[in-house]
Amino acid sequence: MPEFEALQRKHLKFLQEKEQVLVWGNVARKFESEKVSSISIDDFTETINVTAFQEQRHLLEKVNEGGRVQVIGETRLDKNGELYILPELVIKIDCWSELLRRLENLKFLKEEKNPEKELKI
């Protein structure tokens, strides 16, 4: 397991398979069964599933729809070729952290449209 401090946050639209990631987002949906727990998170650029199997299901127990989370894990492809995150750590975050993330995403989206211009907030 890599050092978590070395991970940089990534926007969901740039994730690739078998990549160690740190992402933040709002929990859009939650699903639980006997063997699998899953949440969909939205970071305002994309939505991705975070799926925990058997012994990792406890990582998603206290997460609720509408909440905000930070997820550290590894990206994988499911049977349908869809990317998901296998979580190693899931942390609830507060509204101030979410506001900071939204501002970072606004800056990212602005720079993506006009990379030579700097966004002033």
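In which strand is the place of R76? Select R76 and you will find its place in strand β4, where strands (E, at least two residues) and helices (H or I, at least four residues) are DSSP runs numbered from the N terminus. Before going further, please note that this is a predicted model, in which local features need pLDDT of at least 70 and side-chain atom pairs count only at pLDDT 80 or more, while totals for chains, interfaces and linings use all residues. Residues are numbered from 1 along each chain as its sequence is written, and side-chain values use heavy atoms, with hydrogens and water left out.

Side chains of opposite charge can pair when their charged atoms come close. E74 also counts as partly exposed, because its relative accessibility is 22%.

Next, show the surroundings of R76, which touches E17, E82, L83, Y84 and L86 when residues up to four places away in sequence are not counted; contact here means heavy atoms within 4.5 Å.

**The whole chain**

Zoom out and colour by secondary structure, which comes to one helix and five strands, following the pattern β-β-β-β-β-α along the sequence. Of the 121 residues of the protein chain, 36% count as buried. Among contacts between residues at least 6 apart in sequence, 54% join residues at least 24 apart.

**The nonpolar core**

Which residues touch the most other members of the largest nonpolar core? Select I39, I41, V69, V71 and I85, which do so among its 16 residues; a nonpolar core is a set of buried Ala, Val, Leu, Ile, Met, Phe, Trp, Tyr and Cys residues joined through side-chain atoms within 4.5 Å. The strands β1 (20-32), β2, β3, β4 (68-77) and β5 (83-92) each supply at least two residues of this core. In soluble globular proteins, nonpolar side chains tend to be buried together.

Centre the view on V69 and display its contacts, which include V23, W24, V27, I39, I41 and V90, leaving out residues up to four places away in sequence. Then move to I72, whose place is also in strand β4, and which counts as buried because its relative accessibility is 3%. I72 and W24 are 48 residues apart in sequence and 9.0 Å apart in space, C-alpha to C-alpha.

**S38 in strand β2**

Select S38, which is found in strand β2 and is buried because its relative accessible area is 7%. Its side chain reaches the backbone oxygen of V50 at 3.5 Å, and, leaving aside neighbours within four places in sequence, S38 is in contact with R29, K30, F31, N49, V50, T51 and L60.

**Two loops**

Follow the chain to T45, in the loop between β2 (36-42) and β3 (47-53). Is T45 buried or exposed? T45 counts as buried, because its relative accessibility is 16%. With N105 also selected, you can see that T45 and N105 are 60 residues apart in sequence and 7.5 Å apart in space, C-alpha to C-alpha.

Continue to Q54, which lies in the loop between β3 and β4 and has a phi near 25°, a positive value in a residue other than glycine. Most residues other than glycine have a negative phi.

**Helix α1**

The last stop is helix α1 (residues 95-113), where L106 is found and where F108 also has its place. F108 counts as buried because its relative accessibility is 14%, and F108 and T45 are 63 residues apart in sequence and 9.5 Å apart in space, C-alpha to C-alpha.

Notes: Buried < 20%, exposed > 50% of the residue type's maximum accessible area, 1.4 Å probe, protein only. Polar contact = N/O pair within 3.5 Å; in protein donor to acceptor, adjacent residues only side chain to side chain.
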